[in-house]
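Open the model in your viewer and keep the sequence panel beside it. Each stop below says what to select and what is there.

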Amino acid sequence: TLLPSVRGKALHYIDAAGRRAAKEHANETALGWFDRALQLEVRRPWLKGRAEALHILGRRAEEEATLHALDASSAAEADRLEGAMLWAQFYTATGDYAAAGAALQRAQALAVTLGDRHSQARCRCEGALIDWRQGDYAAAQVGYAAALELSGGGPLAGEADGPPDAGPDDGPDAGLDVQGEAHYGLGLVYRQQGHYEAARAELGLALAVNRQLGDRRHEARTLNALGSVAGLERDYAAAADHFSAALQLRELIGDRAGVGTSLMSLAQVYGSLGDYSRVEPLLHQALEIQQAVRNRWEEMLVLNELGILYTAVGQYAAAVDFLTRALAHSRTIGSEIGAAYVLCNLGQAQRDAGALAAAAQSMAEGLRLAQEQGDVNLEAIYLGDAAALSLRTGEPAAGAAQAERALALFAELDLPLSCTAVYGTLA
């Protein structure tokens, strides 16, 4: 048993070391310090720090147990607000959007009661991310815009010292974290809508904020998003550079789910270049990571990519199997955007396997979703695929009309290379 004076000094040192490690994104180290502190005394800030480190490290069972312990230690409204936000983050990561939404409602109500604009803005960002994943881009755009307005375009007045028990990420730049999140989210919305220049502009603003705050986790996420925009524009060298930079940062800070995402992104580049021997091991590695961290959104994306791979190499039964699993995941977590993309690839696999009726059904459902979501690039891809299918089913007039519409949309998006396959259909 430590003497009170020694114990106090030890706790002070451990607390400072844990906070410093968390601020430097040394998450394994931070977790070790918080665990040592909690062995001596249970304090809410250390439980919070432990939960945040475990979230990044992808250790979901331990994260969930820590959040329950945090709930048990929280009585003040500000504490319950922070706990609800952490639960929303947990449920979003595991794809339980109904539970995430319920946690956000609790957090939003507490934030309004406390007059905490910063937390209100964080709630709007988290809710907008869920809207985006469910394909409701209009609602996502409204949510991110509201978050920017709440953040006031800079650090929030009167909050320079942070809330009680402020963590390592709170302080005079508290408003900037929301702005970075909102600009990142708007970049995703514009990317899906085919507005690539606007997407790059928003992601560039997010990246500048991430770097100003020294937020390496979100810097890596933004770099990965910039890589995906470059990939959609078929600038594969730039895409690979962004994905590699993101992967390096994610490995450095121990962001397991992020590592899996970047591995999948690099696999997409190699697949676009036809280097399939490098694609398969990366995707299986990414799948193993996302299953381990219970990230069902990212797991769905990897299953989709495996389906694309096996379609490309002519293994249609395997392709349909992976894509069917991906579609089931998208429906389980309520992701309309995921379903729209998976159905596109499933239709292609079914068409190439000779299951034309099934392909037509998948394409029709997916095209409807793409049009409802305003995803112009995906709509054009569907129309090009439908044109090729129409030719195989003996409907040349319908195929020609679909191809002409696809070409018009690709021209609108300034994606001339995407027209190649459609021209082949018209020929």
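Select Tyr91: this residue is partly exposed, with a relative accessible area of 21%. Buried means under 20% relative accessible area, exposed over 50%, and partly exposed in between, with a 1.4 Å probe and protein chains only. This is a predicted model, in which local features need pLDDT of at least 70 and side-chain atom pairs count only at pLDDT 80 or more, while totals for chains, interfaces and linings use all residues. Residues are numbered from 1 along each chain as its sequence is written, and side-chain values use heavy atoms, with hydrogens and water left out.

Trp87 and Tyr91 both lie in helix α5, four residues apart, about one turn of the helix. Helices (H or I, at least four residues) and strands (E, at least two) are DSSP runs, numbered from the N terminus. An α-helix has 3.6 residues a turn, so residues three or four places apart point the same way.

How are the rings of Trp87 and Tyr91 placed? Their centres are 5.5 Å apart and their planes are at 20 degrees, so the pair is stacked. Rings of Phe, Tyr and Trp (its six-membered ring) pair if their centres lie within 6.5 Å; planes under 30 degrees apart count as stacked, over 60 as edge-to-face and the rest as tilted. Trp87 itself is buried, at a relative accessible area of 5%.

A search of the whole structure finds six aromatic pairs. One of them joins Trp87 and Phe90: this pair is edge-to-face, with 5.7 Å centre to centre and 90 degrees between the planes. Trp87 and Phe90 are three residues apart in α5 (residues 77–93), about one helical turn.

Next, select Gly254, in the loop between α12 (236–253) and α13 (256–272). Is Gly254 buried or partly exposed? At 22% relative accessibility, Gly254 counts as partly exposed. Leaving aside neighbours within four places in sequence, Gly254 is in contact (heavy atoms within 4.5 Å) with Ile56 and Leu57. Draw a C-alpha to C-alpha line from Gly254 to Ala100: they are 24 Å apart in space and 154 residues apart in sequence.

Move along to α13, which has 17 residues. From its first C-alpha to its last, α13 reaches 25 Å, close to the 24 Å expected at 1.5 Å a residue. The expected span is 1.5 Å times one less than the number of residues. Of the 17 residues of α13, 13 are buried, so the helix is largely enclosed by the rest of the structure.

Within α13, pick Ser262. Ser262 is buried, with a relative accessible area of 0%. Beyond its neighbours within four places in sequence, Ser262 is in contact with Asn224, Phe243, Ala246, Leu247 and Arg250. Just after α13, Gly274 takes a positive phi of about 80 degrees.

For the last stop, select the lining of the second largest pocket, including Leu356, Met363, Ala386 and Gln402. The elements that give two or more residues to this lining are α18 (356–373) and α19 (376–392). The largest share, six residues, comes from α18.

Terms used. 1 Å grid on protein atoms, 1.4 Å probe; cavity = no way out; pocket = protein on both sides within 12 Å on 5 of 7 lines; lining within 4 Å.
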